Amino acid sequence: MNPSRRNLIKWLSLAPGLAVAGGLSTAALAAPRFESKRPPVGKRKFTSPAVEKLLASTKKKIADPELAWLFENCFPNTLDTTVEVGRLDGFEDTFVVTGDIDAMWLRDSSAQVWPYLPLVAKDEALRKLFRGLIRRQARCISIDPYANAFMPDPKAKSNMDWSQQDQTDMKPGVAERKWEIDSLCYPVRLAHGYWQATGDREPFDDSWRAATQLIVKTFKEQQRKDGLGPYHFQRPALNPTDSQMLHGFGAPAKPIGMIVQEFRPSDDATTLPFNIPGNLFAVVTLRRLAQMHGTFYGDQGFVAECNALADEVAAATEQYGVIRNGQDEYWAYEVDGYGNQLFMDDANVPSLLALPYLETTAYDKRYARTRELVWSNKNPYFFKGTAGEGIGGPHEGLRYIWPMSIMMKAFTTTDVAEQRQCLHMLKTTHGGTGFMHEAFDQDDPKNFTRSWFAWANTLFGELVIHLAEKNPDSLRRV
């Protein structure tokens, strides 16, 4: 009886010597199934020789052909499809769309290019791309530090359907104006990482300096020690998480030293006003700003201001943001300063699960307990089905697992078995597309949201490279 093609491939994978001896390799049989999903070379937005070299060398370390194919499609996806490089006002400029939405999120754009940062010393064109993005982000922050997303034309009115009736102070160049702490943290993370990788100070001019001073001013305004501050946001929408209560100022916040955040990294409204991952990210951001301003400008007054604010936010987060149950303690997700604490986690980063990934906390006993609980039924947005398990959030609703959460679980462990489990789930839930998605149904990965979500794609590539460097055994069998 002649074996089926599937059984033949399985048999050949167990007997590679026989396959080669017969003149037919396993790779040759698998090749038609795993054709590249990248755009043709001439249609790619940006090409980096250093990225291509790393792509090829890393792919060789991946034993599973489907996983290698996913990596090849996903890792360069931001460069292939989302970047526009040019000049603006006489300077290098880079605009990075999030994927299927023609706007640039400060958070997403920073995260999308982050995996390429170790390669900037090897590729001058890549350095120009980073310098252009650092400049563009500084310009965006100067337009409006409360906005999360921006238009390609800094003078254009938003053309996003959902924002046309937003009741807030919309400015030209802004695509959406949801106040999220991480929108100001991610550009600093990117700028600091670029500086550390290259020593290049070229993009850190007076415009960047002014934009980062505005970051600190905004953080202080949202401590709300002297009233509610200038920001408010309401949206006529059926989905209540698209708007904020109390005339757009959000739930009451006791002025305890933490920073109010009205929307989560998912762009959903917060339930309680102090988001713990966001505040912990702000602490690290302020320390980085202090280091950079001290080195670049010798501005010791601003350095002291950044460090003092970081100390204040850190102390308040420690006091109010930890849930204590006898000897057991773990991080809350949101609090209000009045004693109310919400435990959950959302898949978007920053999240409780991703705290060590963003270097906002050590992998200590408290984080370990938090990690255990968010990946369990203690978290109302943890879902487990026949296709996989992971964390979602209100943004796409119940049952929808975000691949990003699975990636963060793999980033935050050194256990090979756990890493392989995460890779297996990612490999088996792409819905036949060859790319990562925003979210998929816990029982049906072909039921997914966002076919073109560059952050998730590039983050997957970053994870594979991380594992290849730190724990290569995880890639030898999935």
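Contact here means heavy atoms within 4.5 Å. Helices are DSSP runs of H or I with at least four residues, numbered from the N terminus. The model is predicted: local features need pLDDT of at least 70, side-chain atom pairs count only at pLDDT 80 or more, and totals for chains, interfaces and linings use all residues. Residues are numbered from 1 along each chain as its sequence is written, and side-chain values use heavy atoms, with hydrogens and water left out.

Start with α12 (residues 276-296) and α13 (residues 300-320). From α12, I276, N279, L280, V283, L286, R287, L289, A290, H293 and G294 take part in the contact. They meet Q300, F302, V303, C306, N307, L309, A310, D311, V313, A314 and T317 of α13. By class, this contact has 13 nonpolar, six polar and two charged residues. Ala, Val, Leu, Ile, Met, Phe, Trp, Tyr, Cys and Pro count as nonpolar, Asp, Glu, Lys and Arg as charged, and the others, Gly among them, as polar.

The axes of α12 and α13 lie 8 Å apart, and the packing angle is about 160 degrees. Axes are lines fitted to C-alpha atoms, for helices over the stretch in contact, and angles run from 0 to 180 degrees between N-to-C directions. The two helices are therefore roughly antiparallel. That term covers angles over 145 degrees, while under 35 counts as roughly parallel, 65 to 115 as roughly perpendicular and the rest as oblique. The crossing of α12 and α13 is left-handed: the near helix is turned anticlockwise from the far one by less than a right angle.

Now turn to α15 (residues 403-411) and α17 (residues 454-470). Their axes come within 10 Å and cross at roughly 20 degrees. That makes α15 roughly parallel to α17. The crossing of α15 and α17 is left-handed. On the α15 side, M404, M407, M408, A410 and F411 make the contact. Their partners in α17 are W455, A456, L459, F460, E462, L463 and H466. Ten of these contact residues are nonpolar, one is polar and one is charged.

On a 1 Å grid over the protein atoms alone, a cavity is a set of points where a 1.4 Å probe fits but cannot get out. A pocket is an open set with protein on both sides within 12 Å along at least five of seven lines, and lining residues have an atom within 4 Å of a point. Grid points are joined across faces, edges and corners, and a volume is the space filled by probe spheres set on the points.

The second largest pocket has a volume of about 480 Å³. It has 18 lining residues, and W114, R189, Y357, E462 and H466 are the closest to its centre. α17 supplies the largest share of the lining, five residues. The lining divides into ten nonpolar, three polar and five charged residues.

Two cavities of 30 Å³ or more turn up in the whole structure.

The largest cavity has a volume of about 70 Å³. I134, Q137, A138, I141, P187, V188, A191, W208, A211, T212 and I215 line this cavity. Elements giving two or more residues are α8 (124-143), α9 and α10 (206-221). The lining has nine nonpolar, two polar and no charged residues.
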